[in-house]
Amino acid sequence: MENTPPRGGRDVLRHRSGRPDVAGACGDGRADGAPPRGVAHAVFPAPITRRTTGFMPGTMLRTPGGDMPVETLAPGDFVLTAQGRMRRICWIGPVPSHAAAVARDGAYLVHIAAHACAPGQPARDMLALPDLPIGQSGHDEVLVPAKLLTNGATLATLPTTLSGGFIECWGIVLDRPSVLLANGLPVGVGVARAEVDGLPPIVTHAPVVSVRRAHLATRAQTLGWRVSTCMDLHAMVDGYRVEATRHRDGVARFTFPARARHVRLVSRTFVPADWCASADRRALGLAVRRIALGETRQTMRLLDLNDPCLAPFFWPEEGTGKGKWRWSRGILTLPRGLWGDDGAATSVTLLVEYDATASQCWVIPPMPTRIFMPDHHGVSARPCRQDSAPAPDAPSPTA
């Protein structure tokens with residue numbers, strides 16, 4: 001049973017001409033009993049599930065004929081390794097890949113931006129499974145799972161809302177483990193969790209992982225990303241953005257009309273695992289210490305963050321003594337009953353005290369400005385040279 005390929009896979013071998021080799025696929029050979037010509041029998045490792053590497057649809061694998069989408073390949077086709085050797089595909093097909101247990105919202109993918117690791121690696125944006133081992137170059141001595149290299153910028157986690165926590169991907173099994181080029185990025189194919197089987201070892205601990213993470217962070221800054229402690233804290237009042245009237249030293253003050261119906265505090269979020277070697281993949285906003293609300297300074301009162309109306313918008317309390325805080329989840333909705341609308345007050349003041357140095361995030365680089373200036377004939381713009389009149393002492397062209 002272990003040697004049987006998963007259902008739904010492309011277990012029909014094909015000749016180079018594209019015609020299916022029915023005899024080879026059934027394992028009966030030719031009609032005269034001789035082995036089939038052109039394509040050898042597919043050999044499925046045991047167990048196959050330990051050797052299957054999943055790729056998301058649209059991932060381009062390097063083949064002798066160029067880069068091809070993984071979903072267009074079939075058993076018997078060849079792919080190229082990072083060292084330029086050819087490997088035969090034994091089995092390929094859609095397989096469900098269960099997501100990791102520790103994730104932001106359950107199942108997630110890793111989005112690798114173009115040129116995140118090096119120029120041309122990858123050559124285009126790609127989605128990868130968290131356990132996909134990737135390398136830094138074609139001659140790496142070690143591979144590191146993608147989930148350990150996320151930084152929130154060029155390698156960011158992308159939650160998925162697929163039911164059941166399953167991600168549909170294309171599994172591939174080669175005749176022997178190798179390092180392939182997926183979108184130009186070296187990745188390991190055919191690596192079991194507990195054995196290397198001829199491939200570079202998969203490293204999940206420091207200091208190699210720390211060095212890789214530092215390299216990717218430096219690369220992100222080279223691409224224009226920058227680190228900021230500004231979490232863009234603002235309020236949304238009845239659909240309109242309201243900036244803080246005072247925002248310094250970890251204290252933000254907001255004022256909104258007392259007749260407001262929907263008030264929310266919004267900030268950016270970050271994932272601790274994107275900044276250090278941690279398994280904490282919670283989406284954290286601000287380290288909130290206290291929140292006060294009132295119509296006037298005399299009526300200001302502290303809000304109980306453990307209140308059932310507010311607790312769902314915060315993570316459990318952390319710290320001890322006077323240094324306690326609660327991480328926000330990025331959005332805090334204030335119930336309408338927290339302030340009155342009896343006409344005595346026209347505005348409500350909201351004070352938020354938080355640790356201004358505890359949160360940090362990446363700021364996306366600005367898009368390059370492209371200016372298109374067509375000429376009068378509708379042709380794309382190009383430098384124009386205007387003929388100027390000859391100098392008075394210059395000889396005439398007809399002279």
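Helices (H or I, at least four residues) and strands (E, at least two) are DSSP runs, numbered from the N terminus, and threonine 63 is found in one of these elements, strand 2 (residues 60–63). The structure is a predicted model, in which local features need pLDDT of at least 70 and side-chain atom pairs count only at pLDDT 80 or more, while totals for chains, interfaces and linings use all residues. Residues are numbered from 1 along each chain as its sequence is written, and side-chain values use heavy atoms, with hydrogens and water left out.

The pLDDT, the predictor's confidence in each residue from 0 to 100, has a mean of 76 over the chain, and 70% of the residues reach 70 or more. Over residues 192–196 the pLDDT is below 50, and it stays under 50 over residues 376–399 as well.

Threonine 63 counts as buried (under 20% relative accessible area, with exposed over 50% and partly exposed in between; 1.4 Å probe, protein chains only), because its relative accessibility is 8%. Its side chain reaches the backbone oxygen of glycine 66 at 2.3 Å. Contacts (heavy atoms within 4.5 Å) link threonine 63 to Met68, Leu73, Phe78, Val79 and Leu80, when residues up to four places away in sequence are not counted.

A nonpolar core is a set of buried Ala, Val, Leu, Ile, Met, Phe, Trp, Tyr and Cys residues joined through side-chain atoms within 4.5 Å. The largest such core has 33 residues, and Phe256, Ile291 and Trp339 are among those with the most contacts inside it. Strand 18 (251–257) and strand 20 (287–294) are among the elements that give two or more residues to this core. Apart from it lies another core of 32 residues, including Leu73 and Ala116.

Terms used
Polar contact = N/O pair within 3.5 Å; in protein donor to acceptor, adjacent residues only side chain to side chain.
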